[in-house]
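Morning, everyone. I have a few minutes on one structure, so let me put it on the screen.

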Amino acid sequence: MEPVKEEEEVYSWREVNLPTLSPTAAAEPELERETGERRRGRDILIAVDHGPNSKHAFDWALIHLCRLADTIHLVHAVSSVQNQIVYDMSQGLMEKLAIEAMDVAMVRTKARIVEGDAAKVICKEAERLKPAAVVIGSRGRGLIQSVLQGSVGEYCLHHCKTAPIIVVPGKAGDASLI
């Protein structure tokens, strides 16, 4: 018997060109990460979309997980990277989050918009980056709905083998952490 080989999925993506952000406008470096002798930071993957639970998970990661020398990698799964309207909206979201990451935690940001199912995209990006952690938000569905419909967090917990998965529960109110 031969093992069954899964079909190789097409992996389409587009890098997002984020604005160049620097923590200070001064010519002399004030932060440890700006000098040539800085320690190597961690890569942290944060899955984002346009929903409030995703934003809450992003805020949580900036406050509780990110350190000065870290780089956060924002990943957004879309149905088609060729659709210019979808790409433009996603790019706007990524730029806004990159600016917030610099303002709040002074961390570098890279962003990628990937075509495909969100759960599979997150696992593929985690495999590519080998991050220190993968942060995703939860939709807050009940146990029965999650079992019947499945969830991105549950899929990632079972299939991402390269990094710990942090599933941030949905926020209690409308107030942002930041």
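First, a definition: helices (H or I, at least four residues) and strands (E, at least two) are DSSP runs, numbered from the N terminus. On that basis, the order along the sequence is β-β-α-β-α-β-α-β-α-α-β. That is five helices and six strands.

Some ground rules. This is a predicted model, where local features need pLDDT of at least 70, side-chain atom pairs count only at pLDDT 80 or more, and totals for chains, interfaces and linings use all residues. Residues are numbered from 1 along each chain as its sequence is written, and side-chain values use heavy atoms, with hydrogens and water left out.

The protein has 178 residues, and 38% of them count as buried. Buried means under 20% relative accessible area, exposed over 50%, partly exposed in between (1.4 Å probe, protein chains only). The accessible surface is about 10,800 Å², and carbon and sulfur atoms own 53% of that. Those areas come from the Shrake-Rupley method with a 1.4 Å probe; for residues, only the protein chains shown count as cover.

Contacts next. A contact means heavy atoms within 4.5 Å. Take the contacts between residues at least 6 apart in sequence: 81% of them join residues at least 24 apart.

On to the interior. In soluble globular proteins, nonpolar side chains tend to be buried together. I call a set of them a nonpolar core: buried Ala, Val, Leu, Ile, Met, Phe, Trp, Tyr and Cys residues joined through side-chain atoms within 4.5 Å. The largest one here has 28 residues, and Ile46, Phe58, Leu62, Ile72, Leu74, Met94 and Val135 have the most contacts inside it. Two or more residues come from each of S2, helix H1 (52–64), S3, H2, S4 and S5. H2 gives the most, with seven residues. There is also a second, separate core of 15 residues, which includes Val114, Ile122, Ala126 and Ala163.

Let me zoom in on Met94. It sits in helix H2 (residues 84–105). Met94 counts as buried because its relative accessibility is 0%. Which residues does Met94 touch, not counting those up to four places away in sequence? They are Val16, Leu18, Val48, Leu74, Val75, His76, Ala111, Arg112 and Ile113. Ile113 is 19 residues from Met94 along the chain, and their C-alpha atoms are 9.0 Å apart.

Next, helix H3, residues 118–129. Its 12 residues reach 16 Å from first C-alpha to last, close to the 16 Å expected at 1.5 Å a residue. The expected span is 1.5 Å times one less than the number of residues. Ala119, Val121, Ile122, Cys123, Glu125, Ala126 and Leu129 are buried in H3. What do those buried residues pack against? Strands S2 (43–47), S3 (71–78), S4 (108–115) and S5 (133–137), plus helix H5 (152–159). Just after H3, Lys130 takes a positive phi of about 50°.

At 0% relative accessibility, Glu125 counts as buried. Beyond residues up to four places away in sequence, Glu125 touches Tyr11, Leu45, Val75, Arg112 and Val114.

Last item, cysteines. Cys123 is buried because its relative accessibility is 12%. Cys160 is buried too, at 8%.
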